[in-house]
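Student: I have a model open and I'd like to learn how to read it. Could you take me through it feature by feature?

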Amino acid sequence: MEKMAKTLGFILVATVLIMVGESWALENCSQEQARLRAQVHLLETRVKQQQVRIEQLLHETEVQLLDKGEENSITDLGSKRQYADCSEIFNDGYKHSGFYKIKPLQSPAEFSVYCDMSDGGGWTVIQRRTDGSENFNRGWNDYENGFGNFVQKNGEYWLGNKNLHLLTIQGDYTLKIDLEDFEKNSRYAQYKRFKVGSEKNFYVLNIGEYSGTAGDSLSGSFHPEVQWWASHQRMKFSTWDRDNDNYQGNCAEEDQAGWWFNRCHSANLNGVYYRGPYTAENDNGVIWYTWHGWWYSLKSVVMKIRPNDFIPNII
């Protein structure tokens, strides 16, 4: 009997020790899991912070590409004169198309721009689409400051709403839009008195009379019954994170572009780069309605401006 009692006592002690050990192990395991979860959360937070910083650096690199080791891409004018736009450069004897530095009258600093010295010369290119290499589905800050490829001749870019305002408050400018489709056909649309408002006015668009071969998609005058929603005249600029359109939804978000949307558009030259006819949930391609409608995305677009009263100086 005594021997049995000792055996039972031993078993009881062993059982208690095992249970205590298991409890300690479970407690340690829970603590370790909590510690690992905290580490994972910290790492995820750091990765997100690094991603945001990388995006910021990439944007700064895009905007300042010519100022960091790419100076050979800019035509050196070899003088201290500052030019307000490409028309002044052309009339000072520089007839070759390429990147130049300009400084509009009220601009605090110079910036780089492509000057188209063909087609009569003196055109300041403010936007270009050629191959879909650049993402135009961007937020307010990117469209405000400008983005894209300011190095290659046919690089895609948006000059920046700030710069558009600084350029067009200098006087009366003509906007010319050169369009090309994937069947090698070309058209153009031209507007007098092109002007972009200030940041305070949300970079509102103003255009004058139309001329050209592509049809008047910007003012929506192609049909009086649709002009109330199709016209881009006096529309504020909108992006996915700054909705200034007249639509109950968000045109910039739906059409994946920054633009002077109404309800929503009859022209969207910053749209998604499809290749000709396309199908999508929204008509969000590179659109000029009066030429190819809403469901054909154009191959090439160049938006360029020049003073209305430009007279080429033939040297």
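Tutor: Buried means under 20% relative accessible area, exposed means over 50%, and partly exposed is in between (1.4 Å probe, protein chains only). Helices (H or I, at least four residues) and strands (E, at least two) are DSSP runs, numbered from the N terminus. This is a predicted model, where local features need pLDDT of at least 70 and side-chain atom pairs count only at pLDDT 80 or more, while totals for chains, interfaces and linings use all residues. Residues are numbered from 1 along each chain as its sequence is written, and side-chain values use heavy atoms, with hydrogens and water left out.

Student: How many residues of helix α4 are buried?

Tutor: Seven of the eight residues in α4 (residues 161-168) are buried, so the rest of the structure largely encloses this helix. Among the buried ones are N161, H165 and T168.

Student: What does pLDDT tell me here?

Tutor: It is the predictor's confidence in each residue, from 0 to 100. The protein chain has an average pLDDT of 85, and 78% of the residues score at least 70. Over residues 55-71, though, the pLDDT is below 50; this stretch has 23 contacts (heavy atoms within 4.5 Å) beyond near neighbours in sequence. Where pLDDT is low, the predicted coordinates should not be read in detail.

Student: Now charges. What counts as a salt bridge?

Tutor: Side chains of opposite charge can pair when their charged atoms come close. The rule used is a side-chain nitrogen of Lys or Arg within 4 Å of a carboxyl oxygen of Asp or Glu. That gives eleven salt bridges. One of them joins D92 and R81, with the closest N and O atoms 3.6 Å apart. D92 sits in the loop between α2 (86-91) and β1 (98-102), and R81 in the loop between α1 (2-63) and α2, so the pair ties together parts eleven residues apart in sequence. D92 is partly exposed at 35% relative accessibility, and R81 is partly exposed at 43%.

Student: Which residue forms a salt bridge with D119?

Tutor: K176 does, and the closest N and O atoms are 2.7 Å apart. This pair links distant parts of the chain, 57 residues apart: D119 is in the loop between β2 (111-116) and β3 (123-129), and K176 is in strand β6 (residues 173-180). D119 is partly exposed at 36%, whereas K176 is buried at 10%. K176 also meets D178 in a salt bridge (3.9 Å, N to O). A network of salt bridges links D116, D119, K176, D178 and K304.

Student: Which strands does β6 pair with?

Tutor: Two strands pair if DSSP finds at least two bridges between them. β6 pairs with β7 (residues 186-196) in the antiparallel sense over seven bridges, and eight bridges join β6 to β14 (residues 300-307), also antiparallel. E180 stands opposite S186 in β7, while T174 has R306 in β14 as its bridge partner. As for cover, six of the eight residues of β6 are buried.

Student: And S238: buried or exposed?

Tutor: S238 is buried, with a relative accessible area of 0%. You'll find S238 in the loop between α5 (227-230) and α6 (251-255). Leaving aside neighbours within four places in sequence, S238 has contacts that include D243, A252 and W259. A polar atom of the S238 side chain lies 3.2 Å from the backbone nitrogen of D245.

Technical notes: A polar contact is a pair of N or O atoms within 3.5 Å; within protein, one must be able to donate a hydrogen and the other to accept it, and residues adjacent in sequence count only if both atoms are side-chain atoms.
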